[in-house]
Amino acid sequence: MKKYLLSFAVIMSTVLFTACNKDDNDPQKYEIPVSNGVYVVGSGNTGNSIVGNLTYFDYETMTGTLNAFSKANGGMSLGMTANDALRYGGKLYIVVDGEHSVFVCNAQSMRVITKIDMTAATMLGETGGVSPRRIAADDGKIYVSTYGNMVAAIDTTNFALVKKYEVGSKPEGVCVTNGYLYTANSDYGYGNASISVIRLSTGEVSTLTNESIRNPQDIAVDDAGTIYFLDYGQYDSEPPYTQRNAGVYKISGNIVTKVVANATGMTCAGSKIYTYNAPYSYGEVIPVSYSIYDIQTGTSSSFSPSDIESPAAIGIDPLTGYLYIASYHMVESEWGTYADYSSNGYVNYYDGAYNKKGSFECGVGPQRIVFNISTEIVEL
């Protein structure tokens with residue numbers, strides 16, 4: 001697989017035009033973004049004492065490595081319930097709920113540089129730092145949400161706490177854009193969900209509530225700086241406890257608008273939002289659907305990736321344009337057909353026309369798909 005951006009030719013034409021307009025013939029050096037591979041974060045299964053995991057798929061060899069974190073660190077365990085990861089500034093940050101910690105690793109070797117204890121007195125303390133959930137980064141800082149209803153801003157050089165913010169109940173996804181930090185406060189689905197908006201220059205926190213904000217999970221920003229969030233909706237109080245009203249919403253000022261009516265997973269890539277809808281229902285299999293929301297036109301279209309049984313995470317490599325979908329295996333028993341949450345999953349990847357190009361095995365409980373994007377120096 002080519003590691004370079006699909007529009008590499010466009011980049012190079014710009015570079016060559018610039019180079020050809022130089023007065024001298026000295027070689028020019030340019031930074032070119034490259035995509036090296038895919039990290040897949042697995043939560044494991046706490047109920048069955050299965051620890052979290054990290055799988056890595058290398059574009060150079062086109063092979064996947066199970067338990068890549070453990071293998072890179074002499075058998076070290078991630079601990080229970082790995083939730084999220086982020087590749088930023090040459091480092092890989094892995095958020096682990098059960099460890100109340102963030103592992104900081106070298107992005108290429110995956111070897112641990114340090115482990116940030118979010119419950120330490122120098123961080124958020126035992127109450128504020130409990131159960132870190134999601135991570136974002138901007139301007140030399142990572143931002144980590146916790147179930148202590150806090151977000152920590154942490155320096156990526158000395159790993160010290162820069163600032164802490166109190167937000168809404170049980171925050172999940174975080175994103176940063178245009179000097180503002182946004183958090184999706186789920187309230188664990190109990191009815192007091194919200195979106196927190198933090199002005200980073202002043203630390204001022206405002207709260208957005210709306211009847212459509214029921215159980216927000218992921219939050220993302222598009223190329224224009226518009227905020228979108230994935231809401232899990234609510235679950236019926238009686239069996240089969242079917243999940244309803246999940247979808248993707250757009251935030252414009254204080255106005256919240258649903259843009260994708262049925263979605264339980266999403267990824268935002270450029271001017272498009274890719275979603276899948278696999279609502280929970282105990283003992284009942286509901287057909288899975290997939291859609292693409294075009295932000296520029298405000299329209300949706302469906303697509304049908306092959307060989308996915310029970311989608312668990314989705315991501316688009318912004319440089320190659322390939323789509324990655326992680327899935328559980330489905331198993332049958334006398335109680336019905338259900339996703340196997342205690343065995344390894346798998347990831348299929350597709351080209352820009354959604355043709356399946358390959359697959360690799362991943363660990364138990366795939367949660368997040370993160371791309372290992374770096375830069376290379378080219379000389380012209």
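## Buried, exposed or in between

A residue counts as buried under 20% relative accessible area, as exposed over 50%, and as partly exposed in between. Keep that in mind as you look around this structure, which is a predicted model.

Take Tyr280, which sits in the loop between strand S23 (272–277) and strand S24 (289–294). Its relative accessibility is 36%, so Tyr280 counts as partly exposed.

## A sheet of four strands

Now for a sheet. Here 4 strands line up in the order S12-S13-S14-S15, with antiparallel pairing, and the sheet they form is open. Strand S12 (171–177) and strand S15 (204–208) are at the edges; each has a single partner strand, so one side of each has no neighbour in the sheet. On average, neighbouring strands of this sheet are turned by 20 degrees against each other, if you ignore direction.

Let's zoom in on one pair. Strand S14 (residues 194–199) and S15 run antiparallel and are joined by 5 bridges. As an example of a bridge pair, Val197 is partnered with Ser206 in S15.

Is Ser196 buried or exposed? With 0% relative accessibility, Ser196 counts as buried.

What does the side chain of Ser196 reach at 3.3 Å? That would be the backbone nitrogen of Gly168. The Ser196 side chain also makes a polar contact with the side chain of Asn185, at 2.9 Å.

Conventions. Residues are numbered from 1 along each chain as its sequence is written. This is a predicted model: local features need pLDDT of at least 70, side-chain atom pairs count only at pLDDT 80 or more; totals for chains, interfaces and linings use all residues. Side-chain values use heavy atoms; hydrogens and water are left out. Two strands pair if DSSP finds at least two bridges between them. Helices (H or I, at least four residues) and strands (E, at least two) are DSSP runs, numbered from the N terminus. Axes are lines fitted to C-alpha atoms, for helices over the stretch in contact, and angles run from 0 to 180 degrees between N-to-C directions. Buried means under 20% relative accessible area, exposed over 50%, partly exposed in between (1.4 Å probe, protein chains only). A polar contact is a pair of N or O atoms within 3.5 Å; within protein, one must be able to donate a hydrogen and the other to accept it, and residues adjacent in sequence count only if both atoms are side-chain atoms.
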